[in-house]
Amino acid sequence: MWDFLVSHLGSAATGIDTGALLVAGLALMGGYVIFGMTGFGSAIVAMPLLTQVMPLHSAVPIMLVCDMISGLLLGATSRSNVQMSELRRIVPWMLLGMLAGLGLLMYVPERPLLIVLGVGVLLYSLWRLRGGDAFRQLGPRWAIPLGFSGGGLTAMFGTGGPLYTIYLAGRLEDRNALRATVSTLIMLTGLTRLVMFAVTGLLLQPAVLALSVWMVPCCLLGVRAGSWLRHRVPAAYIFRMLWTVLIVGSASLLAKALAG
């Protein structure tokens, strides 16, 4: 039994050593604590550390698997809070953006788009955080540019989540509705990417399957801890955390794009 576990789930199978596996597990748990509280932010928190201890082509599908599982979990437990009217507004534009993104993937340089995304999200999040706790409503027509551009960036680089969050945080004042709706939307984008990854074979790499056995429990623990904290942290603090996570994530994205 021990030999079986070592050969199928040990360092030879995962491609990383025990110390790196521990760092990856803690990074994922921290990311999904944020996700459990806000319905958003897992990749922004976890990916910078994950890519330090494992290859990007392993980290991306692992995050995708964890996003799908955590999105399904939150969706099942908070289905009544999902705002279908907002999803109906943004999802068609998101899908069109993903189709456009797939078409442009081979022709558009990555760096300029990431710089534009990083600057835009950083400035908007700083403005929202500076503005205090007051709810600032966005008009429904913002679903078109934010959904389309978010879908395109998701298809090309997996970085469209901040744009969806900006739209929904400007439409939904109730924190439970925001959390449930953002997580459901992320799950839908993840499902689309899951099909793409399965077709290309990226999802079925032996190292990804072995790492998933270790990483998925860390994800579930993080979601559980975040859900527990959500009921004990004031709504104002959660929204401040959301904008802070967006600021950190966009600054990290911008630094990476400028350095590259």
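**Helix packing and a cavity: close-up views**

**View 1. Helices H3 and H4 are roughly antiparallel (over 145°), because H3 and H4 pack at an angle of about 170°.** The model is a predicted one, in which local features need pLDDT of at least 70, side-chain atom pairs count only at pLDDT 80 or more, and totals for chains, interfaces and linings use all residues. Residues are numbered from 1 along each chain as its sequence is written, and side-chain values use heavy atoms, leaving out hydrogens and water. The axes of H3 and H4 (residues 42–53) are 7 Å apart; axes are lines fitted to C-alpha atoms over the stretch in contact, and angles between N-to-C directions run from 0 to 180 degrees. Helices are DSSP runs (H or I, at least four residues) numbered from the N terminus. On the H3 side, the contact (heavy atoms within 4.5 Å) involves Ala20, Val23, Ala24, Ala27, Leu28, Gly30, Gly31, Tyr32, Ile34 and Phe35. Their partners in H4 are Ser42, Val45, Ala46, Leu49, Leu50 and Val53. By class, these residues are 13 nonpolar, 3 polar and no charged, with Gly counted as polar and Tyr as nonpolar.

**View 2. H3 also packs against helix H11 (residues 206–230), the two axes coming within 6 Å.** The axes of H3 and H11 cross at roughly 35°. This crossing is right-handed, that is, the near helix is turned clockwise from the far one by less than a right angle. The contact of H3 with H11 holds 17 nonpolar, 5 polar and 1 charged residues.

**View 3. Helix H6 (residues 84–104) crosses helix H9 (residues 161–169) at roughly 155°.** H6 and H9 are therefore roughly antiparallel to each other, and their axes come within 11 Å. The crossing of H6 and H9 is right-handed. Glu86, Arg89, Ile90 and Met94 in H6 meet Tyr164, Tyr167 and Leu168 in H9. This set comprises 5 nonpolar, no polar and 2 charged residues.

**View 4. The largest cavity has a volume of about 50 Å³.** A cavity is a set of points on a 1 Å grid where a 1.4 Å probe fits but cannot get out. Searching the whole structure gives 1 cavity of 30 Å³ or more. Met37, Thr38, Arg175, Leu178, Arg179, Ile238, Phe239 and Leu242 line the largest cavity, lining residues having an atom within 4 Å of a point. Helices H3 (18–38), H10 (175–200) and H12 (235–259) each give two or more residues to this lining. The lining divides into 5 nonpolar, 1 polar and 2 charged residues.

Notes
Angles under 35 degrees count as roughly parallel, over 145 as roughly antiparallel, 65 to 115 as roughly perpendicular and the rest as oblique. On a 1 Å grid over the protein atoms alone, a cavity is a set of points where a 1.4 Å probe fits but cannot get out, and a pocket is an open set with protein on both sides within 12 Å along at least five of seven lines; lining residues have an atom within 4 Å of a point. Grid points are joined across faces, edges and corners, and a volume is the space filled by probe spheres set on the points.
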